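Please read the following report alongside the sequence and the three-dimensional view. The sections move from a helix and its surroundings to the sheets, and then to individual positions.

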Amino acid sequence: DLGIGDIGGVRQLIDWSADEGIGFVQFLPINATGSDSSPYNAISSVALDYLTLDLSPGVVPELDEKFYSTITGILRVDLLRHGSVNYPKVRRLKNTLLRRAFSQIESQPERMAKFVAFCEKEASWLDDFCLFKVLMEEHGHEDWTNWREELNTAAKARAWRDAQGDEIDDRILFHAYVQWLCFSQWGELRAYANGKGVKLMGDIPFGISWCSADVFFKTEQFDLEWCGGAPPETYFKDDYFVQHWGQNWGIPHYRWDVMEQGGYQWWRQRTQKLTEVFDIFRIDHVLGFYRIYSFPWRPTRNAEFCYLSDEAAKALTGGRLPHFID
């Protein structure tokens, strides 16, 4: 592998599972992640994480073996295979290989045709996600609340994209290409597993990252006044904040009234896309559909509230304190 588990490794796990009579293999969420690499803090409810891709030259035909060998040698993959995952270096390595492969896709007419078809079929979510990734490149991070003023809303971002003309097309298409590879490889993996009598089980987090393409482009569907989390837990002896206030996950609430008016399309799309990859899935923190412990501040302000009394905290929040919201 390239310093992190990938689809090639999962194939080996499936072979072993089939030999041992294990019926299914369960995964953490595989959606695209941001700078913290947390699978429960995804930057998209649909897009998949390219870190899972098997980028062997034989698996990705447009990736030539000479370039692959040169880059993996320069970035010392042998060292990346030991110890904890070095996410920045792994991202850099896979990003370099993917950009090389993308530059050669037009030399593969049959694959190019499939890629174009994917882009057309998935445009409803893919276009916004790819633009979001380009905006992340522009700013060096995914926290859109701190992006330049001329790019910090969906309308401004789309206007900026349109003003760039053809210059931006390749940047956007690259991220679409990556998603095509992700859905292609995971789809092939599912077929391989099913052929061995093994099912794949996925995971849908109840929340989505505040700093996600979903929240940025569909802000009206989210209540940004509150962050979801968990209530105080006194057995966290070394964490006064969790003992006193609870866990502030930073996930925005959903505006269920707005989602209902649209037939819950956001949730339907989220689950339907996952069923293209997995045979079965769980919803993490499913109780969030009924009630969720809620904070009137984002996690970046936790230190500010850590040792405050309830009254002092109210003075900073307009009288609001963390509590369960139905």
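Trp 16 lies in helix H1, which spans residues 7–20; helices here are DSSP runs of H or I with at least four residues, strands are runs of E with at least two, and both are numbered from the N terminus. The model is a predicted one, in which local features need pLDDT of at least 70 and side-chain atom pairs count only at pLDDT 80 or more, whereas totals for chains, interfaces and linings use all residues. Residues are numbered from 1 along each chain as its sequence is written, and side-chain values use heavy atoms, with hydrogens and water left out.

With a relative accessibility of 46%, Trp 16 counts as partly exposed, a class that falls between buried (under 20% relative accessible area) and exposed (over 50%), as judged with a 1.4 Å probe and protein chains only. Together with Leu 13 and Ile 22, Trp 16 forms a nonpolar patch on the surface, and the three share about 270 Å² of accessible area. Such areas come from the Shrake-Rupley method with a 1.4 Å probe, where for residues only the protein chains shown count as cover. Patches are made of residues with over 30% relative accessible area and no salt bridge, nonpolar side chains (Val, Leu, Ile, Met, Phe, Trp, Tyr) being joined within 5 Å and like charges within 9 Å; a salt bridge is a side-chain nitrogen of Lys or Arg within 4 Å of a carboxyl oxygen of Asp or Glu.

Ser 17 is also found in helix H1, but this serine is buried, because its relative accessibility is 2%. Residues up to four places away in sequence aside, Ser 17 touches Ile 22, Val 25 and Val 198, where contact means heavy atoms within 4.5 Å.

## The antiparallel sheet

Four strands, in the order E4-E3-E6-E7, form an open sheet with antiparallel pairing; two strands are taken to pair if DSSP finds at least two bridges between them. Strand E4 (247–254) and strand E7 (323–325) stand at the edges with a single partner strand each, so one side of each is left without a neighbour in the sheet. From one strand to the next the twist averages 55°, with axes fitted as lines to C-alpha atoms (for helices over the stretch in contact) and angles running from 0 to 180 degrees between N-to-C directions. Although E4 is an edge strand, six of its eight residues are buried, so E4 is largely enclosed by the rest of the structure.

Strand E3 (residues 222–230) pairs with E4 in the antiparallel sense over six bridges, while three bridges join E3 to the antiparallel strand E6 (residues 292–295). Gly 229 has Asn 248 as its bridge partner in E4 and stands opposite Tyr 293 in E6. Gly 228, in turn, stands opposite Ile 251 in E4.

Three bridges link E1 to strand E2 (residues 199–205) in the parallel sense, and Phe 24 stands opposite Lys 199 in E2.

## Lys 133 in helix H6

Is Lys 133 buried or exposed? At 15% relative accessibility, this lysine counts as buried, and its place is in helix H6 (residues 123–139). Neighbours within four places in sequence left aside, Lys 133 is in contact with Ile 43, Tyr 50 and His 175. Between the C-alpha atoms of Lys 133 and Gly 207, which lie 74 residues apart along the chain, the separation is 20 Å.

## Positive phi angles in loops

Arg 76, in the loop between helix H2 (65–74) and helix H3 (77–80), has a positive phi of about 50° although it is not a glycine. With a relative accessible area of 40%, Arg 76 is partly exposed.

His 285 is not a glycine either, yet has a positive phi of about 60°; this histidine sits in the loop between E5 and E6. His 285 counts as partly exposed, at 28% relative accessibility.
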